[in-house]
Amino acid sequence: MNKNKDTEAEKISKPLMKVPYTNFKQQYESIGKEILSAITPILASGDFVMGDSVKKFEKDFADYSQCKYAIGVANGTDALFLSLKALGIGPGDEVITPPNSFLATAGAIIAAGAKPVFVDVREDYNIDPELIEKAITPKTRAILPVHLTGRPVDMEPIMNIAKKHKLFVVEDAAQAVGAEYKGKKVGSFGDAAGFSLHPLKNLNIAGDGGLITTSSDELYKKLSLLHNHGLKNRDECECWGFNSRLDSIHARIALVKLKHIDNWTGKIRKIAKTYAKELKGIKGISYVPVDKPYEKAVYHTFIIQCDKRDELQQYLLKKGIGTKIHYPIPIHLQKSAASLGYKPGDFPMTETQAKRILSLPIYPELTEEQIRLVIKEIKGFYKGK
Ligand SMILES: *Cc1c(COP(=O)(O)O)cnc(C)c1O
């Protein structure tokens with residue numbers, strides 16, 4: 001995946017990085033022993049696929065997400081794709097979604113055979129509920145909001161619109177494990193939700209993995225078949241399906257990390273608060289993320305909007321601070337999306353943001369000193385302007 005590839009400049013400067021954008025080593029150092037003792041028994045057991053560890057993780061994750069069921073799948077993209085499939089969404093259908101997400105959101109809709117219909121976002125990067133009704137056509141079957149950056153989408157108006165127009169709701173919660181909206185966990189609002197366990201997500205494993213959550217008995221039954229070849233039991237196949245499963249080893253890693261996730265999220269939220277407090281009001285920075293009173297964001301990313309973005313990014317890199325852009329090209333302007341018929345100017349908020357957004361380093365292991373340095377260098381950059 002391209003988003004994970006470091007630029008040449010970053011590679012060369014990495015050993016000198018004072019604040020790298022990600023830091024896997026430190027997390028592993030803190031829980032490595034726990035992980036090794038959790039996965040070692042699996043290696044000797046041969047219980048690699050569809051085992052008890054997966055069942056246990058599914059149960060714990062469902063409880064954590066305040067849903068009746070969770071189903072482990074191969075990745076977050078499959079979680080969305082299979083949810084749409086299980087809801088019977090396919091060719092001829094339209095699904096409403098924002099154009100500023102990671103590509104996989106729209107990709108999952110396309111993979112299901114349906115058409116993504118984009119709706120612009122608010123300042124906080126999440127779909128604007130006030131623009132949704134205008135995008136509904138007789139072909140619309142579902143809304144697929146994305147809890148981008150780990151901030152919960154404004155779900156109440158979306159659920160009302162869905163009810164009024166008899167649409168399904170599938171939440172893309174890939175970036176938002178543990179986020180809450182009005183006291184309720186994301187992933188528990190829609191008919192189904194997709195989560196990702198990709199290494200760059202807040203709850204991550206040593207490779208690809210994902211989860212679907214749902215509280216519908218019927219949908220759970222369908223998804224249990226669909227993600228495992230349509231098999232009812234070892235020998236009997238009810239329907240054609242797919243091979244999309246979470247491995248036992250990964251389930252064991254995820255079980256270990258699930259125990260730590262609230263602690264990690266607490267630390268991340270504290271860093272976000274410090275960043276927001278210190279960066280707000282700087283001339284040149286037009287937006288810093290903060291929680292609304294009814295939100296609990298988990299800050300998968302901390303994305304500011306700023307003047308001279310590329311210049312600031314290069315400046316910070318020279319100072320040993322890694323940053324990223326999530327995402328520089330909106331989905332509707334990707335080559336792959338040409339046949340959908342969109343053009344520049346269709347989604348002003350998304351397109352303006354794409355030129356101004358910058359993701360700052362944010363992970364539980366960041367030290368006070370590192371946080372101060374990021375703030376100091378950003379202030380220093382704009383002081384000179
Ligand atoms: C990562 C991500 C996905 C896809 O998850 P994978 O596990 O990488 O397939 C989907 N949507 C969003 C918003 C994501 O960030």
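The shell around the ligand comprises five nonpolar, eight polar and three charged residues, where Ala, Val, Leu, Ile, Met, Phe, Trp, Tyr, Cys and Pro count as nonpolar, Asp, Glu, Lys and Arg as charged, and the others, Gly among them, as polar. The model is predicted: local features need pLDDT of at least 70, side-chain atom pairs count only at pLDDT 80 or more, and totals for chains, interfaces and linings use all residues. Residues are numbered from 1 along each chain as its sequence is written, and side-chain values use heavy atoms, with hydrogens and water left out.

Of the 16 residues around the ligand, those that come nearest are Gly-76, Thr-77, Asp-172, Ser-196 and Lys-201; a residue is near if one of its heavy atoms lies within 4 Å. The table lists polar contacts (pairs of N or O atoms within 3.5 Å).

| Side chain | Ligand atom | Distance |
|---|---|---|
| Asp-172 | nitrogen | 2.7 Å |
| Ser-196 | oxygen | 2.6 Å |
| Lys-201 | oxygen | 2.9 Å |

Taken alone, the ligand exposes 380 Å², and the protein buries 98% of that (Shrake-Rupley method, 1.4 Å probe). Helix H4 (76–86) and helix H5 (104–111) are the elements that give two or more residues to this shell; helices are DSSP runs of H or I with at least four residues, numbered from the N terminus.

An automatic or database assignment gives the chain domain 1 (28–258) and domain 2 (261–384). Their centres, taken over C-alpha atoms, are 25 Å apart. The contact (heavy atoms within 4.5 Å) takes 38 residues from domain 1 and 34 residues from domain 2. Between the domains about 3,300 Å² is buried, 57% of it from carbon and sulfur atoms; buried area is the accessible area (1.4 Å probe) lost by two parts on being put together, summed over both. Tyr-125, Arg-151 and Asn-202 supply 21% of the area that domain 1 buries against domain 2, more than any other three residues.

Technical notes. Polar contact = N/O pair within 3.5 Å; in protein donor to acceptor, adjacent residues only side chain to side chain.
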